[in-house]
Amino acid sequence: IFFRLFCHMKPRTSNVARFMSGVLSNFNRKPTTVNVVDCSRRPLTQEEMAEYVYGETPTVLKGLVNHFPMNRWSIDYFGHLDNGETSPIVSIARNTVEQSASVMEDMPLRDFFAYLESMNTDEGEDIPTCSSSEVPPLIDPKKYMYCNEEQALITTHFPVLWEELQHIRQIYPKRLIQEYSLWIGPKGSVTGLHADHDYNSLVQCQGRKTMIFIPRDEEDLVYPSKKFDPGASLSYVDLRCPKHNQIHYPNLQHATPSLAYLEPGDVICIPRKWYHFVVCTEGPSLSVTLHCNSVGMKAREVLQKVGHYFGIHGWTEDGCTCHNADGGRR
């Protein structure tokens with residue numbers, strides 16, 4: 001009995017801490033924390049927001065969302081609205097498409113919510129990393145599925161939530177073209193190392209995330225891949241695989257990591273071409289990303305998509321994030 005009590009009283013490292021310790025072992029340098037601005041007392045003006053959207057370093061705007069009527073942005077409310085006979089079909093990633101061969105499928109949103117309810121990873125279970133020096137992590141594709149959808153899903157099927165989103169949209173620079181993406185996943189779901197080509201903000205509505213950033217001038221240290229994504233540059237490096245990276249990507253250890261911690265109500269502004277890695281540390285997680293493009297940036301993206309669609313751009317041996325590895329279209 002006394003032995004059991006002793007074991008129970010011993011401090012235990014949380015599964016999130018173990019995961020982050022493994023990921024950060026990729027680097028020789030101790031990580032810093034990104035800039036954090038307390039927005040709990042008042043919302044930002046459009047001029048203030050522009051300073052962070054166009055900023056040179058990532059910035060967390062703590063509590064900014066709480067000034068806007070977005071209290072219905074929760075997975076429960078999505079489920080409440082998705083109660084018709086026909087559930088909208090969403091795209092589900094079954095692996096980390098940024099580094100792995102893309103494995104995606106279409107699924108009714110109602111079925112994906114049922115999957116989230118079946119997950120029970122918040123207590124006691126480790127977020128997986130890879131201990132092998134030769135093989136990237138083999139993570140159960142049925143366990144860490146991720147839903148990523150563009151704004152058409154919100155405008156078409158959830159107009160009430162789209163109306164709420166317009167309030168925070170008003171403080172963004174008007175001259176930029178604004179587009180939205182929806183991200184839903186369980187604890188342990190990951191967005192692999194990549195750098196967006198546009199000005200990007202992530203609004204954290206539910207759950208918690210941790211992000212790791214690498215400055216844009218250290219791109220050579222993260223081994224850019226040839227895999228095509230119309231809005232981002234990708235990396236060969238999977239940060240969950242430190243032993244593998246030490247052998248195959250040795251320059252990664254010299255990169256300068258910085259960390260951001262997001263909780264509900266936070267917004268993070270991500271500068272263009274900063275590489276970042278995202279993990280959901282408390283789930284389920286619901287986030288919205290707001291992509292801001294100039295006319296020229298958007299035109300370039302559209303031309304790339306058209307060229308890719310007709311097979312004249314972005315077809316390499318590394319594949320793409322918009323087609324399955326077997327050739328099926330996302």
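User: In which strand does T59 lie, and what makes a stretch a strand?
Analyst: T59 is part of strand β3. The model is predicted: local features need pLDDT of at least 70, side-chain atom pairs need pLDDT 80 or more, and totals for chains, interfaces and linings use all residues. Residues are numbered from 1 along each chain as its sequence is written, and side-chain values use heavy atoms, without hydrogens or water.

User: Why is T59 called buried?
Analyst: Its relative accessible area is 4%. Buried means under 20%, exposed over 50% and partly exposed in between, with a 1.4 Å probe and protein chains only, so T59 counts as buried. Leaving aside residues up to four places away in sequence, T59 touches N35, V37, Y52, V267, I268 and C269, where contact means heavy atoms within 4.5 Å.

User: How do you know that Y54 and Y199 form an edge-to-face pair?
Analyst: Rings of Phe, Tyr and Trp (its six-membered ring) pair if their centres lie within 6.5 Å; planes under 30 degrees apart are stacked, over 60 edge-to-face, and the rest tilted. The Y54 and Y199 rings are 5.0 Å apart centre to centre, with 85° between the planes, and the pair is therefore edge-to-face.

User: Why does this pair tie together parts that are apart in sequence?
Analyst: Y54 is in the loop between α3 (46-53) and β3 (59-62), whereas Y199 is in strand β9 (residues 199-214), so the parts joined are 145 residues apart in sequence. Y54 is partly exposed because its relative accessible area is 27%, while Y199, at 19%, is buried.

User: What makes W73 and F78 an aromatic pair?
Analyst: Their centres are 5.7 Å apart and their planes 70° apart, which again gives edge-to-face. W73 is buried at 2%, and F78 is buried at 0%.

User: What sits over the ring of Y199?
Analyst: The charged end of R272 does, 5.8 Å from the ring centre. The rule asks for NZ of Lys or CZ of Arg within 6 Å of the centre and within 35 degrees of the ring normal.

User: How many disulfides are there?
Analyst: The count is zero. C292 is in none, as the nearest cysteine sulfur, that of C269, is 8.6 Å away, and a disulfide is a pair of cysteine sulfur atoms within 2.5 Å. C292 is buried, at 1% relative accessibility.

Note on methods:
Helix = DSSP H or I, 4+ residues; strand = E, 2+ residues; numbered from the N terminus.
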